[in-house]
Amino acid sequence: MARPKRSFRIALYIVVGTAALLVLAAALAVRFALHYPDSPRDGDGTEIAVTIEPGMTFPEIAARLEKSHVVDDARWLRIYAMHRGVTRLVRSGHYTLADNMTPKAVIDALLAGVPAKTVSVTIPEGLNMLEVFAIYDKAGVATAESLLELARDPEFLARHGISGSSVDGYLFPETYRVRVPSSPETVLDTMIKEHRIVWDDVRRKHHESLAKLRKKLGWTDRQFLILASIVEKEAAVDSERPRIAQVFVNRLLDASFSPKLLETDPTIRYGCMVPITKSAACQAWTKTDRLHTAQLHDADNPYNTYEHEGLPPGPICNPGREALAAAADPDGSRYFFFVGRNDGTHVFSRTVAEHNRAVDKYQR
């Protein structure tokens with residue numbers, strides 16, 4: 001009988017010892033769990049850049065933090081975050097954390113998010129989309145390449161009701177407060193929306209003139225936008241915009257003026273700079289150079305208004321409010337020509353002879 005009693009005591013000791021170890025382990029685990037949130041990682045305070053991307057799950061976030069040496073154990077961070085019920089509340093962004101933060105501080109930072117950095121971006125009147133996108137690129141808002149890709153995307157254009165091959169003309173010149181970085185969609189959507197707001201206001205204020213011109217010319221809003229873009233590039237003084245617009249309208253409407261050539265240099269320059277496909281003469285030209293005979297008589301450039309009658313295929317820049325208003329409500333004058341005085345103003349003429357005298361005086 002002694003041996004069974006001895007075996008029983010051994011078994012009892014084992015059970016009691018195991019239970020004690022389990023209780024001790026549980027106590028240590030509880031103690032660790034209670035102190036875990038406020039226990040800093042063993043680091044020296046080195047700053048660590050961590051990006052939390054939109055759509056990341058919390059296990060993926062925790063794994064990235066462990067790999068970046070912000071936390072030691074992703075599993076414990078997940079357990080802690082689950083206990084707080086915040087696994088779905090972490091904000092995406094580019095964080096600067098440290099290698100000696102407490103788990104609580106890490107989670108708190110991820111819940112607070114990264115303060116949005118914003119910049120003020122000013123887009124002047126009269127720039128084409130390549131020039132506009134270069135400004136956003138320089139400001140760090142979005143790359144010029146990503147903006148240009150979206151600006152020519154057929155689905156994006158259709159979504160905004162733009163019938164042309166790009167967003168040029170619809171990027172309203174204004175000062176915008178934007179986040180850094182911003183998506184190309186956000187940038188373009190904002191500018192197009194502002195254009196619509198301004199154009200709607202212009203249409204309301206000049207509805208009588210606009211209605212008469214629509215009837216005479218058979219134009220849609222897009223044709224008026226094209227005219228406004230030409231006015232924007234030709235005019236430097238606001239008071240002259242309605243008269244310059246009228247010159248082009250007169251050329252298109254008056255039966256005595258034939259052929260219906262607008263003969264404006266900025267359209268040629270646009271055709272040589274912006275479209276994907278460029279003529280041989282355009283490829284031989286640089287935008288810092290003057291237009292030469294090869295460009296002025298280049299029938300392969302669809303934007304050459306010395307060779308092709310009527311309006312060019314699309315807007316040649318992004319016009320402001322005054323140019324839009326001028327296109328909607330020209331001044332009604334009977335001029336067909338104008339030439340610059342080299343001070344931003346122009347001399348307007350009714351006949352070729354008058355125009356040639358003005359050219360001789362101010363340009364030759």
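**Cysteines and overall build**

I started with cysteine 282: its relative accessibility is 2%, so I put it down as buried. Bear in mind that this is a predicted model.

Next I checked cysteine 272, which also counts as buried, at 6% relative accessibility.

Then the pairing. Cysteine 272 and cysteine 282 are joined by a disulfide, with an S to S distance of 2.0 Å. The count for the model is one disulfide. I looked up the torsion about the S-S bond of cysteine 272 and cysteine 282: it is about -65 degrees, so the disulfide is left-handed. Cysteine 272 sits in helix α12 (residues 265–273) and cysteine 282 in helix α13 (residues 280–283), so the bond ties together parts 10 residues apart in sequence.

What about cysteine 317, buried or exposed? Buried, with a relative accessible area of 0%. I found cysteine 317 in no disulfide; the nearest cysteine sulfur belongs to cysteine 272, 16 Å away.

On to the whole protein. I noted 16 helices and six strands. The radius of gyration is 34 Å, well over the 21 Å from the globule rule for 364 residues, so I wrote the protein down as more spread out than a compact globule. The C-alpha trace spans about 135 × 45 × 35 Å along the principal axes.

Burial next: 42% of the 364 residues are buried. I got about 20,200 Å² for the accessible surface, with 54% of that belonging to carbon and sulfur atoms.

Last entry, charges: there are 46 positive and 45 negative, and their mean positions are 7 Å apart.

Methods. Residues numbered from 1 in each chain as written. Predicted model: local features only at pLDDT ≥ 70, side-chain atom pairs only at ≥ 80, totals over all residues. Heavy atoms only, no water. Disulfide = S-S within 2.5 Å. Helix = DSSP H or I, 4+ residues; strand = E, 2+ residues; numbered from the N terminus. Buried < 20%, exposed > 50% of the residue type's maximum accessible area, 1.4 Å probe, protein only. Rg over C-alpha atoms; globule rule 2.2 N^0.38 Å. Areas by Shrake-Rupley, 256 points an atom, 1.4 Å probe, with all protein chains shown as cover. Lys, Arg positive; Asp, Glu negative; His and termini not counted. Charge placed at Lys NZ, Arg CZ, Asp CG, Glu CD.
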